[in-house]
Amino acid sequence: MKTNSIINDFFLVEKVNFFEQMLNQIPDLIFQLTISPNDEFNITYLNKNILSYFELNKFELKSNPIDVISNKVHPEDRDAFFTSLNYSKQNLEPWRCEFRIITKNKKISWFKVDANVTSDIDKNTIFFSTLTDITDIKEREIKVQESETRYQFALEASKKGIWDYNLTTGNVFFSKESLDILYLDEFDDINTNSKWDERIHPNDLKDYLDSIQSHKDRKTPYFENTKRVLAKDGSYKWVLSRGKIIERDENGNPVRIIGTHSDVTHNKEKENELLDHLDIIIEQNNRLLNFAHIVSHNLRSHTGNFKMLLNILDESNDKESKEECLSYLKTTSNALSETIDHLKELVDIHNTIIHKKEDLNLNVYLNQTLEVLSKEIKDNKVKIVNKIGEKDTIKFNPAYLESLFLNFTTNAIKYSHPERHPEISYSSSVEKGKLVLVIEDNGLGINLAKHGEKLFGMYKTFHKNENARGIGLFITKNQIESMGGSIEVESKVNVGTTFKINFNEEI
Amino acid sequence: MKKFNTIFVVDDDMVYHFIIKKLFSKCNIDVDTKYFFNGLEAIDELRDKVETDNIPDLILLDINMPVYDGWQFLEEFKKIKQKLTKEITVYLVSSSNDVTDLNKSKEYQDEVKKYYYKPMTQEDFETIFA
């Protein structure tokens with residue numbers, strides 16, 4: 001036994017030396033910390049690396065370890081350092097902590113301590129610790145975190161969402177900002193491409209798919225598309241998507257597309273508003289052009305006639321030809337006054353301040369008109385069919401509604417077919433929530449292919465009728481439009497004409 | 001030899017008809033003139049006489065007229081032009097100084113020889129009939 005003991009002792013000494021040497025050789029920083037029951041700190045072991053690493057001087061080695069450690073650990077990390085140490089001591093659980101150390105030349109290094117804890121019979125707590133320099137890792141981590149924060153901030157500030165589409169699985173990752181646009185959250189089931197596509201407005205889907213396909217086919221350097229997407233509340237949001245294929249397989253097929261989403265609803269609404277304004281401007285501009293056209297055609301011809309007639313009058317010697325001239329001057333003067341009256345009427349129509357809208361019952365106004373025209377209706381044996389709803393009411397100018405019924409009715413009688421009794425049918429219906437008035441006759445009809453363009457023009461007539469003045473439809477159309485409505489026409493020669501008036505007013 | 005013997009005046013304005021008549025007598029131009037009030041009346045007459053010698057040498061055509069305006073007349077005129085026994089000169093005569101009308105007249109440059117503004121003057125007549 002004794003021999004054994006000697007041998008054991010020998011080996012033991014050898015072993016201790018061996019470990020000692022090993023501990024000094026390995027690059028890690030190893031130390032043993034013992035904390036007594038009355039909280040006295042003792043460094044019971046240090047490997048040589050620690051001495052060189054921290055450049056500990058003799059004075060420090062003799063000082064109280066708590067002071068030395070406190071001094072080295074970055075002030076901001078000190079609390080966390082000692083709290084975690086105390087926790088491990090009390091619970092005898094491994095001690096792990098990351099902290100900064102300020103080196104002699106005021107540099108900051110990151111360290112990680114990893115220690116197992118035991119206690120001995122004297123109630124000392126012993127920490128078997130290794131220290132690792134993690135400055136490089138930590139710096140990289142901080143950089144990544146910084147750039148991620150910056151990126152995240154940029155995305156949040158620009159309200160841009162991120163999506164990441166895996167074409168192999170069909171799965172898409174949508175960032176919170178992307179989902180926010182549609183009032184969705186991570187619990188809403190929208191993690192595949194097909195579920196996203198289902199939300200796209202049917203009218204926008206083709207453009208969207210075409211745009212992606214062009215990018216897949218390498219025709220475009222990236223894909224960009226604006227479309228309406230269904231939000232959770234049932235409304236449509238305008239979403240601008242931009243994306244780029246970042247990975248293709250060996251056959252060149254796209255595998256992964258990453259991109260952004262932006263909510264451009266507000267911009268789109270503004271854009272539409274602008275387009276509406278543009279429409280109004282174009283309409284007003286057309287009206288001005290039309291006015292200039294009327295002036296050019298109708299006023300100039302009268303002034304030209306005046307000039308020529310006065311020339312002729314000057315050169316006429318006999319009484320007879322002078323009188324002839326005067327009679328033509330009178331005709332021209334009357335025609336000019338009439339044209340000016342019509343132009344005045346036209347300008348007034350578009351001055352909406354003069355013509356207020358009132359609630360008017362269609363039936364009341366139709367019956368008034370039929371009463372006024374009762375003699376013509378009787379003389380021409382006109383059959384009237386009234387299918388207008390009893391309570392159909394519109395917001396319109398009373399004088400305009402009167403002139404509307406009067407014009408369409410007298411026109412239908414004026415241009416009735418010689419081979420049959422005129423029949424005029426009035427009906428009302430609701431299309432897309434708006435009231436529509438339809439007036440149909442069985443008269444001569446108009447060749448719309450030939451005359452359609454000028455049907456509602458000023459002084460345009462199409463039939464060989466002496467009473468035709470070509471002002472009624474022109475005025476009526478302008479009146480309807482000034483009330484916000486529109487007019488459509490369908491007609492077949494020898495069959496009849498149907499006018500459809502859209503009041504364009506929600507009911 | 002006279003430049004033009006038979007003339008069609010196509011215009012819905014009877015005052016204009018009167019002025020034209022006066023200009024003819026004043027300039028001592030002796031021609032056979034027919035007056036029409038719209039494009040349809042004129043084209044109907046032409047169609048009736050398309051393969052006879054009884055067609056005009058000159059047409060003074062207004063643009064803005066009821067039933068068939070000047071443009072519609074020209075469309076129809078295009079279709080029968082080939083069948084005519086002699087060439088007919090067409091002058092547009094309009095009070096319109098609208099650019100759209102002037103540009104449109106260029107679409108008919110095979111049919112329309114010249115564009116005159118109303119009122120037509122004695123000088124215009126002298127150039128046409130000299």
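**Salt bridges, interface and backbone geometry**

B:Lys79 counts as exposed at 56% relative accessibility, whereas B:Glu76 is buried, with a relative accessible area of 10%. Here buried denotes a relative accessible area under 20%, exposed one over 50%, and partly exposed the range in between, with a 1.4 Å probe and protein chains only. The model is a predicted one, in which local features need pLDDT of at least 70 and side-chain atom pairs count only at pLDDT 80 or more, while totals for chains, interfaces and linings use all residues; side-chain values use heavy atoms, with hydrogens and water left out. Residues are numbered from 1 along each chain as its sequence is written, and chains are lettered from A and ligands numbered from 1 in the order in which they are written.

The side chains of B:Glu76 and B:Lys79 form a salt bridge with an N to O distance of 3.3 Å, the term denoting a side-chain nitrogen of Lys or Arg within 4 Å of a carboxyl oxygen of Asp or Glu. Both B:Glu76 and B:Lys79 belong to helix α3 of chain B, where three residues, about one turn of the helix, separate them. Through shared partners, salt bridges connect B:Glu76 and B:Lys79 with B:Asp44 and B:Arg47 in one network. Helices (H or I, at least four residues) and strands (E, at least two) are taken as DSSP runs and numbered from the N terminus.

Over all chains, the structure holds 32 salt bridges. In chain B, B:Lys86 and B:Asp57 are paired at 3.1 Å, N to O. B:Lys86 is partly exposed, with a relative accessible area of 31%, whereas B:Asp57 is buried at 11%. In chain A, the side chains of A:Asp359 and A:Lys395 meet in a salt bridge of 3.0 Å, N to O. This pair links distant parts of the chain, with A:Asp359 in strand β11 (residues 358–361) of chain A and A:Lys395 in strand β13 (residues 393–396) of chain A, 36 residues apart. A:Asp359 is exposed, at a relative accessible area of 54%, and A:Lys395 is partly exposed, at 40%.

The contact between the chains, defined by heavy atoms within 4.5 Å, takes 28 residues from chain B and 27 residues from chain A. About 2400 Å² is buried between the two chains, and carbon and sulfur atoms give 53% of this area. On the side of chain B, the residues that lose the most area to chain A are B:Phe18, B:Asn64 and B:Val67, which together account for 24% of what that side buries. Buried area is the accessible area (1.4 Å probe) lost by two parts on being put together, summed over both.

The interface of chain B and chain A contains one salt bridge. A:Glu315 forms a salt bridge with B:Lys26, with the closest N and O atoms 2.3 Å apart. The elements of chain B that give two or more residues to the side touching chain A are α1 (14–26), α3 (70–80) and α4 (99–106). The largest share of that side, seven residues, comes from α1(B). By residue class, the side of chain B that touches chain A divides into 13 nonpolar, seven polar and eight charged residues. Ala, Val, Leu, Ile, Met, Phe, Trp, Tyr, Cys and Pro count as nonpolar, Asp, Glu, Lys and Arg as charged, and the others, Gly among them, as polar.

Chain A is divided into domain 1 (2–133), domain 2 (159–263), domain 3 (270–349) and domain 4 (358–506), with bounds from an automatic or database domain assignment. The centres of domain 1 and domain 3 of chain A, taken over C-alpha atoms, are 108 Å apart.

Most residues other than glycine have a negative phi, and most peptide bonds are trans. A:Leu92, in contrast, has a positive phi near 50 degrees. A:Leu92 is found in the loop between α5 (75–91) and β3 (95–102) of chain A and is partly exposed at 40% relative accessibility. A:Asn494 likewise has a positive phi, of about 70 degrees; A:Asn494 lies in the loop between β16 (486–492) and β17 (496–506) of chain A. The peptide bond from B:Lys118 to B:Pro119 is cis, with omega near -5 degrees, and B:Pro119 lies in the loop between β5 (112–117) and α5 (122–129) of chain B.
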